[in-house]
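Here is a short briefing on one protein chain. Look at the model first, then work through the points below.

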Amino acid sequence: NKGDQIFQKIKTKVCDYYKISQKELFNTSRSSYLVLPRSMAINLSRELTGFSYPQLSNLTDKDHTSLIYHIALRLNQKGYWKIPSNHAVFNQLKMEIMNETKQ
């Protein structure tokens with residue numbers, strides 16, 4: 001499935017970029033160093049996979065309100081998304097993933 005391939009690629013890219021393990025990305029830990037990578041992965045997944053919130057909820061073990069919250073943070077430039085460089089990273093990773101998953 002194309003969406004699943006893209007989701008895997010997103011996890012790999014985000015974890016490599018932020019130097020965290022894939023186990024950490026969506027675990028239950030609320031450590032601050034995981035917030036941005038998690039938000040990045042959620043936003044990339046929402047934009048690139050075409051998955052619904054319930055589908056993403058299953059994949060990330062986050063309830064859909066958490067997912068909506070992360071999407072809203074980026075769109076409204078709140079929290080970590082106030083920082084322009086985070087949007088630059090988002091766009092860079094998005095381009096790389098799109099280029100690598102083209103058919």
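Of the 103 residues in this protein, 42% count as buried. Keep in mind that the model is predicted. The protein has six helices and zero strands.

**Overall fold**

- Reading along the sequence gives the pattern α-α-α-α-α-α.
- The radius of gyration is 13 Å, close to the 13 Å that the globule rule gives for 103 residues, so the protein is as compact as a globular protein of that length.
- Along the principal axes, the C-alpha atoms fill a box of roughly 35 × 30 × 25 Å.
- Take the contacts between residues at least 6 apart in sequence: 57% of them join residues at least 24 apart.

**Surface and charge**

- The accessible surface of the protein comes to about 6000 Å².
- Carbon and sulfur atoms account for 52% of that surface.
- The protein carries 15 positive and 8 negative side chains.
- The centres of these two sets of charges lie 4 Å apart.

**Helix H3**

- Helix H3 covers residues 32-48, which makes 17 residues.
- From its first C-alpha to its last, H3 reaches 25 Å. That is close to the 24 Å expected at 1.5 Å a residue.
- H3 is mostly covered, with 12 of its 17 residues buried.
- Among the buried residues of H3 are Leu34, Leu36, Met40, Ile42, Leu44 and Leu48.
- The buried set of H3 also includes Arg38, Ser39, Asn43 and Ser45.
- What covers the buried residues of H3? The cover includes helix H1 (2-18), helix H2 (22-25), helix H4 (53-60), H5 and helix H6 (84-100).
- Just after H3 comes Gly50, which takes a positive phi of about 75 degrees.

**Residue His64**

- His64 lies in helix H5, which spans residues 64-75.
- Is His64 buried, partly exposed or exposed? His64 counts as partly exposed, because its relative accessibility is 42% and that class runs between the 20% and 50% cut-offs.
- Leaving out residues up to four places away in sequence, His64 touches Tyr53 and Ser57.
- His64 and Ile10 are 54 residues apart in sequence. In space, their C-alpha atoms are 19 Å apart.

Terms used: Residues numbered from 1 in each chain as written. Predicted model: local features only at pLDDT ≥ 70, side-chain atom pairs only at ≥ 80, totals over all residues. Heavy atoms only, no water. Helix = DSSP H or I, 4+ residues; strand = E, 2+ residues; numbered from the N terminus. Buried < 20%, exposed > 50% of the residue type's maximum accessible area, 1.4 Å probe, protein only. Contact = heavy atoms within 4.5 Å. Expected span 1.5 Å × (residues − 1). Rg over C-alpha atoms; globule rule 2.2 N^0.38 Å. Areas by Shrake-Rupley, 256 points an atom, 1.4 Å probe, with all protein chains shown as cover. Lys, Arg positive; Asp, Glu negative; His and termini not counted. Charge placed at Lys NZ, Arg CZ, Asp CG, Glu CD.
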